[in-house]
Amino acid sequence: MIDDHDDDAPGDPGHREADAREFLPLLEKLNAEHGFDFREYKTPSLARRIRRRMRQVQAASVDDYARQLESTPGEYDALLDVLLVNVTHFFRDPDVWAVLRKRILPALLEAHQPPRILRIWSAGCSSGEEAFTAAICVAECLGREASTFDVKIYATDLDEDALATARAALYRVDALKDVPPELVSRHFQKEGQLYRVRREIRKWTIFGRHDLTRDPPLPHIDLLLCRNVLIYFDVSLQRRLVPRFAYALRPGGFLVLGRAESLLAAPPFEPFDFKCRIFQRGNLPDRARLSSDEFVPPGFVRQARADARVAFRFHTIVDALPAAVMAIDHDDTIVTWNAGAESLFGIPQTVAIGKKFRDLDISYRVDGLRSAIEDAKRGDGLARLPPVVFKDRKGVDVHVELSLGRIANEDDRVGVVVTALDVTDVAALRTELQRVHEQATTANEELQSTNEELETTNEELQSTNEELETTNEELQSTNEELESTVEELQCTNAELGTMNAELENRSADLDRSDRYHRLVLDALAEAVILLDPGLEVTHWNHAAVRLWGLKPEDGLGRPVANLPVPELARSAAAAARTAVETRRTTTVPAVPYALPGGERRSAVVHVVPLLAGDGAPVGVAVIASPTDTPGDGG
Ligand SMILES: C[S@@+](CC[C@H](N)C(=O)[O-])C[C@H]1O[C@@H](n2cnc3c(N)ncnc32)[C@H](O)[C@@H]1O
């Protein structure tokens, strides 16, 4: 942590001044854009800290760093951390606290008659250790009487982060190293590894942001602790604070400075303990001066307090309004700038008030606002502008509704009060509504087209259905026809069965008759062969086997002319042809022939044509009977 006391390293002062001037534009920027005015802080020490930060972020030049400050989120806070040295601890400078506990606090408490109020102000309180040390000392002095006193310890600082730590009142054990153990156990409670200041002490403290160089001092203070803050200010700024401190302290009140701060040993302050840098404000009210060269006339303080109360109430009311309110005088000077305007436009009240409106970037960031203000002053503008959009410091779009009203000052000169209502949420909702509406319209259109498609599909389905019904009917009738066909077939089948049975019977009859006729043919002594109209052999009896010397299976199917006994075969064939042609029986009386063994024989051959009913020849019967039996010698 940086030590606040050895911050200014020795060196050639002239050289240091020259060096530090290059940072002036950066300090101007911090003042104009963020409301932190370091321009009257000791420049060498500021310059050294800024350079250290520049080295950490590798900025090549101040311009380069200024650009980084704009573009890098969090850099601005980091720079503030560097510029505002927050070094502090409980019971810092124990001898000072010893004097406060033993001499000053008892005296102050003693002096207070009912309603017994004690007001302490820790200005530049950092993370709260100084304010809580004061509270612990008061509690120790009051003992059991603590509840009978209305103790108020105002603890203020410029650094919001430090104030947040102070409000939490939670500290690491090493922060308590200078707190006597009995006070630790009486005024702190352990929470895990940390220690929290007890509620009875905390309830006396009120933390708030306050800039010693700009904000009005807090009044009626009994004890003002402003330690190790003035060492960062240059001499002229320190001088300007003397009357403010004088105004803050009630006559007889005490001012405690840091070890290295002594400049304020000037009227109306008198050293009380110079070694501990404790001063007492003189008793006479008219010795307090509001500025180093201005005398405060009697009655000023009362009137000023009354005015301050009215102004305070006015500002509290205007600050509490949800809208951003700014009042601009006839000459373009901003006279009112409430908390809403501060947060909406990102410009602190301390920066805006007293500035010309045209000098604030917001005058051109919000389109049409300047001309609307001029129109309003002339009395011919719109009282309410249509919503406008501008970008905030983070580049985010902000939607505002602006209303303008004319105001007259004491000299009847006309200014304007502008009210800006942040309607970003409403605009977002409107956009969302529009989107939802468009979605709904699209969905509706899609639904309609889907509906139409469904209707078409439905019609198609209906016609398909009708077709199916027709097909069904056709199928039904086909089915019926098929059924009747089946019945007919069944009936035909039955008839066929009957016919089949008959045929089988007849076939059996035929077989029987065939066998019978064969038997008859085989019983004959003559050789009988039957020929078809083409003169091929179809029947062959036993006697034929003997005559022709051929088994039936070898004779059947052969043309008669090819039978093995050639003379007999030729005669039979010639006679058969004649019989077919003439349709008459032909007899060849003696046909000589030779048996395969060379034996000579002869036979009578009758050829009988077999005629159908209509006389057409269906075959020929060849009946051959040898005229001589073997051995006859014939
Ligand atoms: C070194 S600390 C002193 C803390 C404590 N008073 C002490 O002596 O232990 C200086 C504090 O002064 C604060 N400070 C610097 N400029 C200030 C200003 N213009 N108004 C109020 N506080 C300021 C810083 O933020 C820082 O917290």
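I looked up which element contributes most to the lining of the second largest pocket, and helix H5 gives the largest share, five residues; helices here are DSSP runs of H or I with at least four residues, numbered from the N terminus. The model is a predicted one, in which local features need pLDDT of at least 70 and side-chain atom pairs count only at pLDDT 80 or more, while totals for chains, interfaces and linings use all residues. Residues are numbered from 1 along each chain as its sequence is written, and side-chain values use heavy atoms, with hydrogens and water left out.

I then noted the whole lining of this pocket, 36 residues, with Glu 33, His 34, Tyr 76, Gly 346 and Arg 393 nearest its centre. Elements that give two or more residues to it are H2 (24-34), H4 (62-71), H5 (75-83), H8 (160-168) and H13 (339-345). By class I recorded 14 nonpolar, five polar and 17 charged residues (Ala, Val, Leu, Ile, Met, Phe, Trp, Tyr, Cys and Pro are nonpolar, Asp, Glu, Lys and Arg charged, and the others, Gly among them, polar).

For terms, I used a 1 Å grid over the protein atoms alone: a cavity is a set of points where a 1.4 Å probe fits but cannot get out, a pocket is an open set with protein on both sides within 12 Å along at least five of seven lines, and lining residues have an atom within 4 Å of a point.

Next I searched the whole structure for cavities of 30 Å³ or more and found one. Its lining has 25 residues, of which Val 85, Gly 124, Asp 157, Asn 228 and Val 229 are closest to the centre.

I checked where the ligand sits, and the space it takes is the largest cavity (the test is that more than half of its atoms lie within 2 Å of the grid points). Around the ligand I listed 23 residues, the closest being Tyr 41, Thr 88, Arg 92, Asp 157 and Asn 228, where near means a heavy atom within 4 Å.

Last came the polar contacts, pairs of N or O atoms within 3.5 Å. A side-chain N or O atom of Asp 157 is 2.6 Å from a ligand oxygen, and a backbone N or O atom of Gly 124 lies 2.8 Å from a ligand nitrogen.

How values were computed
Points joined across faces, edges and corners; volume = space filled by probe spheres on them. Polar contact = N/O pair within 3.5 Å; in protein donor to acceptor, adjacent residues only side chain to side chain.
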